[in-house]
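These are my notebook entries on a structure I looked through today. I kept to a few places and wrote down what I found at each.

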Amino acid sequence: MSPSNAENSSPHSMINVPDAIRIVLHETARLLLIQPRPCLRLAPNDPNLHNARLAEAVVMAAPGYPPYRASIMDGYAIRVADYEASFSKKQDHADNDPTAASSNHRYSHVVNDKIFAGDAPKQQDFIEGEAVFAAYYVTTGAVVPESFDCVVPVEDCRVTNFDDNRLLAISPTATIAINKWIRSVGSDIPEDTTVLPQNRMLDASALGLLLQSNCQNVVIRKNVTVGVLSTGNELLESSATVSDEQQHGLIPDVNRPVLVALLQEFGNCQCIDLGVARDDDLDNMTRVLESQLERCEIIVTTGGVSMGESDIVKHVIIDRLGGKLHFGRLNMKPGKPTTFCTVSTKFGDRLVFCLPGNPVSAIVCAHLLVRPCLDMMHVSGGDVGVGPDGRCNTEERIRDMVNRALVHPEIQARLTHDITLDSTRPEYHRVIVDSASQDGGMTTFSVTSTGSQQSSRLLSMRDADGLLVLPKGSNEKSKAIAGEIYTVLLLRDSKSFFHRIRVENAKHMSKPKPLDRILRVGVVQVVDKCTTDASSTIEDRVAAALSESKSGSRDVHMSRQIQFETADSIYDFLKNNCDAADIHVVVTFRFTGPHLLTHLALANRLRTRLTKVADALALQARIGAASQDPNTAFFEFVIGYIPDGRGSLVIYVPEQGLDAGLGYVRSLLKHALKVARSGH
């Protein structure tokens, strides 16, 4: 479709971000199967090795590291046997002999020579029967002469000159033992040790290990060549000089330098600045893209992908260059117009990411889509031709590569304030991740918005640590409430203690669930002053008991432990936290024996405070719990409703029958909540 005939509605359906990531990874894997990444063989001191990725493992060469026996201290190398023998020699004329023992030191060795770090080893054998034995002064890192098996630190030694000899006395408090203060050959890295595994990124410490390994050359994967092109007549290049009058209506080209810097930070590609292309000349845009596809394996463009008359990038790639469109719109905010294509050229297949023109949209989509693509090429580049059985099943290999691909590290974090949900699309909201805290035995992070989330407002990225994944809003759920927990995709290296994870393990990449099928479940543990056995695994047990429900996924997100006082205090706590969960599971401990009457009174009072009490449902929970623990048949189960806010269902159960009790009613909970809210 020519841009001049563009309609108000896009011909491309919106797809969810996880699906878009999978499509990108699928095409990347397919490309790698037919075009494996080439490798380079470089010397271990080559400056281009920094941030490269190993195509082959590096193994420690013989004899290991260190390659010689090295002194750990500045001191004197001696033989332990000489030191011990020196005490058994008779000392005649002790008063006139400078080697005679004193109260603190005894001269026992003659210093033959000095050996500094970097010197060749020196050695002069001692003569049997001499009164004193040979020693060598050695510095830290120097070679310890053969057969010398101990280094005595200088602070434990006294040296004096006598008759053209330097005599050594060793303090009686010195530790004399074989191999003391000596690093033996291969003690740091034994021979044949895998120093750096295949696919290891060569960071600063890895570069040092390369040199210590004594390898002759290093095989790395060749970096992917990525070109970055900005489009738009309104863009002012940083080097351009125009008058104030001409600048009216122009803006600086922010996207290109930002994306070039971002891609370089990823450390897995060679980035080429392709400049700016005008968006009012189809022929010129075609020439620019066609020429750059020759040298760039991936092209990232910004701008020109919306629905205006000047948005011509899609038209050029698809209609003029024969590209294949894989998606043309994303169900996300920001970044809706994002487009992904593949183009076949005589130089091979190319990947093209067409990102929106607003800078925040471009940055967010580069993180979500471009980085996983580059990581797959960088990590999997040369090892994808055949499967484990030596044969190549294309679809199985692609599926396996996609599942093993790396995506952003993710955490679960609690909101510190309410956020209004977008009513049209899910949002990847820029947030600051605050320090972790312990909550109910679990590590929980808190997140705060970076402010206005307009896609043109680059300030929203300045302090952003991550992207908070918020669902599309609805009439039932128009706000993300303070205290609720959501997935956050981490961006900054400052959070690098969270490792990038595989697609198959990422919660964000799991099959999306409609908002109305997600029930948020809060867990409250009620204990008295004597109870010490409240369990930190209760939340996991609740999640497991409800996870098999056909009525929808349960997002177990809140855990609190409150001390038993009265039913009214428990009710007030639930009422104040009503909007934090759709269902509150209240778990009580120690209900048998003398505590039973107390808990019965507690249950009965709580029952009177709740509205729309579901006795039949509570009976089913009791029957289920009794099948797990017969004692629970004496317990009073309560299921009812708190109408405040959106309304919350309350389930009061004992810990002993928790699993089976919830299991018996889990398929009915969503319907019960719907019925309760229908008259709300």
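Which backbone oxygen lies 2.8 Å from a polar atom of the side chain of Q453? I found that it is the backbone oxygen of G451.

Before going on, I note that this is a predicted model, in which local features need pLDDT of at least 70 and side-chain atom pairs count only at pLDDT 80 or more, while totals for chains, interfaces and linings use all residues. Residues are numbered from 1 along each chain as its sequence is written, and side-chain values use heavy atoms, with hydrogens and water left out.

**Entry: Q453.** I placed Q453 in the loop between β26 (442–449) and α10 (459–462), where helices (H or I, at least four residues) and strands (E, at least two) are DSSP runs numbered from the N terminus. The side chain of Q453 also makes a polar contact with the side chain of T450, at 3.2 Å; such a contact is a pair of N or O atoms within 3.5 Å, where within protein one must be able to donate a hydrogen and the other to accept it, and residues adjacent in sequence count only if both atoms are side-chain atoms. Leaving aside neighbours within four places in sequence, I listed E427, H429, R430 and S460 as being in contact with Q453 (heavy atoms within 4.5 Å). With a relative accessible area of 11%, Q453 is buried (under 20% relative accessible area, with exposed over 50% and partly exposed in between, using a 1.4 Å probe and protein chains only).

Entry: I then traced an open sheet of six strands with mixed pairing, in the order β16-β13-β17-β20-β19-β18; two strands pair if DSSP finds at least two bridges between them. The edges are β16 (269–277) and β18 (324–327), each of which has a single partner strand, so one side of each is left without a neighbour in the sheet. Within the sheet, β17 (residues 298–302) and β20 (residues 348–355) pair in the parallel sense over five bridges, and V300 has F353 in β20 as its bridge partner. Helix α8 (residues 359–380) packs on the sheet, touching β13 (224–231), β16, β17, β18 and β20, and its direction makes about 160 degrees with that of β20 (axes are lines fitted to C-alpha atoms, for helices over the stretch in contact, and angles run from 0 to 180 degrees between N-to-C directions).

**Entry: C271.** In strand β16 I looked up C271, which counts as buried at 18% relative accessibility. Leaving aside neighbours within four places in sequence, C271 is in contact with V226, V228, V260, L263 and Q264.
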